[in-house]
Amino acid sequence: MNTSRSGAQYFTFAFRRTTMANFTVRLTGKVSGFFVAAPGTSIDSTSGTNGWIDGSTTYGGAGTPGSNTGAGGNGSNGCAFTSGDRIIDGTNYSNATFTMTLGDQNGTDATGNNILVRIKLEDGDSLTALSIE
């Protein structure tokens, strides 16, 4: 997928897994945002971004991801398992792998066991290969 339009474009897809809190993303291309949601889990209320957590930010290290600490979040909307797993906006990657985490939540807790992924593309971004492993 390549975009030469002005303004951001987003595409969202779902994958289904049970008893999974961590998953690997393999991608080739350059994106301007990578976000994950697990509808029906506590992340819906702990996230400071309407249920989405951010693959460019490192996971807070324990508990449920989310900046809303009053709702039980760990203080970070990040879902990159380590700092080396962050998908940095505007960086070109070639067959790179990244581990994302739902923290103490998992696919079994998500509605229909569905995990959502949303990718943001800006002018000049492209995505030529993507897999969830």
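**Questions on a predicted model**

Reader: Which residues touch the most other members of the largest nonpolar core?
Author: A nonpolar core is a set of buried Ala, Val, Leu, Ile, Met, Phe, Trp, Tyr and Cys residues joined through side-chain atoms within 4.5 Å. Buried means under 20% relative accessible area, exposed over 50%, and partly exposed in between (1.4 Å probe, protein chains only). The largest such core has 26 residues, and those that touch the most other members are Phe23, Phe34, Val36, Ile87, Met100, Leu102 and Ile115.

Reader: Which strands each supply at least two residues of this core?
Author: Helices (H or I, at least four residues) and strands (E, at least two) are DSSP runs, numbered from the N terminus. The strands that each supply at least two core residues are strand 2 (22-30), strand 3 (33-37), strand 5 (78-80), strand 6 (92-101), strand 7 (114-121) and strand 8 (126-132).

Reader: What pLDDT is required before side-chain atom pairs count?
Author: Residues are numbered from 1 along each chain as its sequence is written, and side-chain values use heavy atoms, with hydrogens and water left out. The model is predicted; totals for chains, interfaces and linings use all residues, local features need pLDDT of at least 70, and side-chain atom pairs count only at pLDDT 80 or more.

Reader: In what pattern do the helix and the strands follow one another along the sequence?
Author: The chain contains 1 helix and 8 strands. Read along the sequence, they give the pattern β-β-β-α-β-β-β-β-β.

Reader: What radius of gyration does the chain have?
Author: This radius is taken over C-alpha atoms, and the globule rule is 2.2 Å times the number of residues to the power 0.38. For 133 residues, a compact globule would therefore have a value near 14 Å, and the chain agrees with this at 14 Å.

Reader: Which residues does Phe23 contact, leaving aside its neighbours within four places in sequence?
Author: Contact means heavy atoms within 4.5 Å. Phe23 is one of the core residues that touch the most other members. With its neighbours within four places left aside, its contacts are Phe15, Val36, Phe98, Thr99, Met100, Ile115, Ile132 and Glu133.

Reader: Is Val31 buried or exposed?
Author: Val31 is found in the loop between strand 2 and strand 3. Beyond its neighbours within four places in sequence, Val31 is in contact with residues including Ile87, Ile119 and Leu127. Because its relative accessible area is 2%, Val31 counts as buried.

Reader: How far apart in space are Asn77 and Thr57, C-alpha to C-alpha?
Author: Asn77 is found in the loop between strand 4 (52-58) and strand 5, and it counts as buried at 17% relative accessibility. Asn77 and Thr57 are 20 residues apart in sequence, and in space their C-alpha distance is 7.1 Å.

Reader: What is the relative accessibility of Ser56?
Author: Ser56 lies in strand 4. Neighbours within four places aside, Ser56 is in contact with Phe34, Arg86, Ile87, Ile88 and Asp89. Ser56 counts as buried because its relative accessibility is 18%.

Reader: What is the relative accessible area of Asn50?
Author: Asn50 is not a glycine, although it has a positive phi of about 55 degrees. Its place is in the loop between helix 1 (43-46) and strand 4. Asn50 is exposed, with a relative accessible area of 75%.
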